[in-house]
Each structure stands twice: as C-alpha cells, then as structure tokens.
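Trainee: I'd like to learn how to read a model like this one. Could you walk me through it?

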Amino acid sequence: MGLSEKIKEIEEEMARTQKNKATEYHLGLLKAKLAKYRSMIIEGEKKAGAGGKGEGFDVEKHGDARIAMIGFPSVGKSSILSHLTETESLAANYEFTTLTCIPGVLRINEAKMQLLDLPGIIEGAASGKGRGRQVIAVGKSSDLILMVLDAQKGEEQKEKITRELESVGIRLNQEKPQIHIKVMKTGGIIFNASVKLTKIDEKMVKSIMAEYKMHNAHVSFRGDHDVDELIDVIEANRKYVKCIYVYNKIDQVSIEDVDYLMKEKYNAAISVHMNLGCDILLEKIWDTLGLVRVYTRKKGQAPDFGDPLILTQGRDGITVKSAIMQIHKGLLKDLNYAYIWGKSVKHSPQKCGLKHELCDEDVLQIIKKTKDAK
Ligand SMILES: Nc1nc2c(ncn2[C@@H]2O[C@H](COP(=O)(O)OP(=O)(O)OP(=O)(O)O)[C@@H](O)[C@H]2O)c(=O)[nH]1
Ligand SMILES: [K+]
Ligand SMILES: [Mg+2]
C-alpha cells in the first residue's frame, strides 16, 4: 500500500470513529500516524527533487516583507494586485487566468512590501493538483498570507484552503506551542507541566512519544496544549504564518453579511470594483506584520522622516540592536548609547542600551564611544 492510500485509510478511520473518552487515545495515535505519513511524503518529494525547482516560482524576495495571495480561482487576486500596486496583472472572468507568480510593490506608510499574485488553487492542491504545491511553497516563504475568498462562498473556501495549508504543516495565526522536548539517552519519558492541562494527559503524551519511537526524553508543557500541538512540536517542521482572510466582492452580498465578516480580527471585507474596505485592509496588513519604523537623526539635525529604518520582529523583539544592525553591523562596537525619542521611552530623549525595545515611529540618535572628529 502506498503512503497516500495509508493516509486515506487513516482519515477514513478517524472520520468513522466517534469522539469520546474511550476512543480519545486511539484517535490521538491515529493523528500521530497521519502526521508521520504526511511528513514522509514531503520528505520523499524533497529527496526525489519533485519540489526541487518547483518550490515556489523563482521570484526573489524583495522589500520589507513578503505577502502572498492564496485563494480559489477568480476570487479577485489579480484584481487586488492591480488595484493596490502599480503592477498590472490580467483579471478575467474565467478560472486560471493567472498561471505564474506576479510580484508587485505594496507601499504602506514608508515600507515597501512584496505583494505576490499567484495562480488559483483548488482542493487537492497540497497533493499536487494544478500548481498547488508551488503556490503553497510561496505561502510558506511569506511573512503574511492573504487568503482571498469570494464573499459569497467565503466560509467553504476558507475551510478548504486552510485544510490544504495545514496538511503541509502551515499553521495560520497560531503561536508556536510552548512544549519543550529534550531527548535523553536513558531514563524513560519524564513529563511535567507548569500549567493545568485540560486537553491532554501524561498517558496520552507517553503513547504519542512511543508512536514516534522516542522512549527517553524530558517533555515539559508550559501551555495548555493538545495532541495536535504536541505532534507539531515533535515533527519540528511546522511553519507559523500570519494570515488575513480577505473577503472580496462584498458588492455582491448584504450589508448584514459584511458587518458579520468584519467582526473577526483577522478578516477584511473588500470590493475591488467599488473600492470598498481597501484602506482597512492596508491597516490590518500593517498591524499584523508588526513592522516598526525608526527615524534616525544626527546630532543637531532634524530626524529624517522621509526614510525610516523598517524593522521586522526578530526572536528578541525589535531593539536598538536590531536598528543598528540594519544601519551597519560595524557600528555595534562603536556604540556608547542611543538617544531615543518616542513611545518606547518615558522621557524624551532617553539614554538607552542595545537591548531597549523600540516602538513604531521612535526617533534614534547614535552616540559613539569616541567623539567624532567631524
Ligand atoms: N463583483 C465583483 N467582481 C470582481 C471584484 N474583483 C474582481 N472581480 C471580478 O472577478 C473576476 C476574476 O478576477 P481575477 O482578478 O481575474 O481573479 P483571480 O483570483 O486573479 O483569478 P485566477 O487568476 O483565475 O485565479 C473578474 O471578472 C473580475 O473583474 C469585485 O470586487 N466585485
Ligand atoms: K480569473
Ligand atoms: Mg489571477
């Protein structure tokens, strides 16, 4: 039996199995098996080179962030690109008008982002239908996915595309689970949790670990996570990507429907044809990406408000260090302290060190160790 048949068999068994206390452990194990087979398929393809050149569309990353538009055919992705950027992408009322990846430059505040128009995807995209795999690979490489949906069929489309993305390890708007696994040589599974767990217990954790043939490890939960999240951490190849659900063509639905759609934090409701909701969409993109503008100034001069540094969230947040790294790595060793004006400080200006966290629109002045002769 091939991997895809095995996957199908497990999916069918899961669908047949009623969810209750008695079947909980069995279902958990089925989930782990499913995840293992899916990873084997992805790995196999990588090795066979099936992904190879097909990974993405050979469009280089540019700008301060990469945003990919993913959706069914004819939901209006190309129309959005042409509307929001200076790039024109052909839009037409037949499916699969767009056959490749078309980049445009989206300007929000002073940032330049790369907005990617992509071919439409359909159910089965993840397992190779159409250009699905390539499209999904671009999604994986992005800082933000705009899942473009037809407002009239939004929920159905959203569910299908989410499932496709999930099946290849993309997690939308989720935080990485706070589960730590340290593999040991001996000692069995040592389990601890710093919070009360309501969705999983020690027995389940141990059986999932056994399914993965991990018999000696420290497993610690620092959040109330479930089986799926444990599997995600074990698989260790998940990609956590932000997503905004863009419901286009709201000119074709009722105002009540639009109001309802707009309630969700990650939703945007727009009509390209009637130029509705696009400003709100741009605001949401900005907020979701969490970019920070930092204006630099030189001693005795006004800050340069035209050309800020655009900083993206790194592991340690956005700090004076990240700002200096972006100007010039070499400056790090010369830094005495930085003067900061803005929301991140109590008094402006304030002397700050490298670890100080910056806010959007702060002003920064670098004071070097030795006095500049100039
Ligand atoms: N009513 C309405 N139609 C729209 C809107 N935006 C786009 N369309 C129409 O929807 C059709 C498909 O638009 P495209 O931009 O080609 O859609 P796409 O998602 O790029 O399609 P593919 O490239 O084939 O996947 C075109 O006929 C557009 O004119 C809108 O806001 N309202
Ligand atoms: K189209
Ligand atoms: Mg298109």
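Mentor: We'll take the ligand shell, a helix pair and then the strands.

Mentor: This is a predicted model, where local features need pLDDT of at least 70, side-chain atom pairs count only at pLDDT 80 or more, and totals for chains, interfaces and linings use all residues. Residues are numbered from 1 along each chain as its sequence is written, while chains are lettered from A and ligands numbered from 1 in the order in which they are written.

Trainee: Which residues come nearest to ligand 1?

Mentor: A residue is near a molecule if its C-beta atom, placed from the backbone, lies within 6 Å of it. The shell around ligand 1 holds 24 residues, of which Gly 76, Ser 78, Ala 91, Thr 98 and Gly 120 come nearest. Helix α3 (residues 77–84) contributes the most, with three residues; helices (H or I, at least four residues) and strands (E, at least two) are DSSP runs, numbered from the N terminus.

Trainee: And how do I read two packed helices?

Mentor: They are described by the angle between their axes and the distance between the axes. Axes are lines fitted to C-alpha atoms, for helices over the stretch in contact, and angles run from 0 to 180 degrees between N-to-C directions. Here α6 (residues 202–211) and α7 (residues 227–235) have axes that come within 11 Å and cross at roughly 35°.

Trainee: Which residues of α6 and α7 meet?

Mentor: Met 204, Val 205 and Ile 208 in α6 meet Val 227, Leu 230 and Ile 231 in α7, where contact takes C-beta atoms, placed from the backbone, within 7 Å. By class, that contact has six nonpolar, no polar and no charged residues (Ala, Val, Leu, Ile, Met, Phe, Trp, Tyr, Cys and Pro count as nonpolar, Asp, Glu, Lys and Arg as charged, and the others, Gly among them, as polar).

Trainee: Now the strands, please.

Mentor: Strands of a sheet pair through backbone hydrogen bonds, either parallel or antiparallel. Two strands pair if DSSP finds at least two bridges between them. One open sheet has five strands in the order β12-β11-β15-β13-β14, with mixed pairing.

Trainee: Why is one side of β12 and of β14 left without a neighbour in the sheet?

Mentor: β12 (309–311) and β14 (350–352) stand at the edges, each with a single partner strand, so one side of each has no neighbour in the sheet. Inside the order, β13 (residues 335–341) and β15 (residues 362–368) run antiparallel, joined by six bridges, and Ala 338 stands opposite Ile 366 in β15.

Trainee: Which way do β4 and β9 run?

Mentor: β4 (residues 144–150) and β9 (residues 239–248) run parallel, with seven bridges; Asp 150 has Asn 248 as its bridge partner in β9.

Terms used. Two residues are in contact if their C-beta atoms, placed from the backbone, lie within 7 Å.
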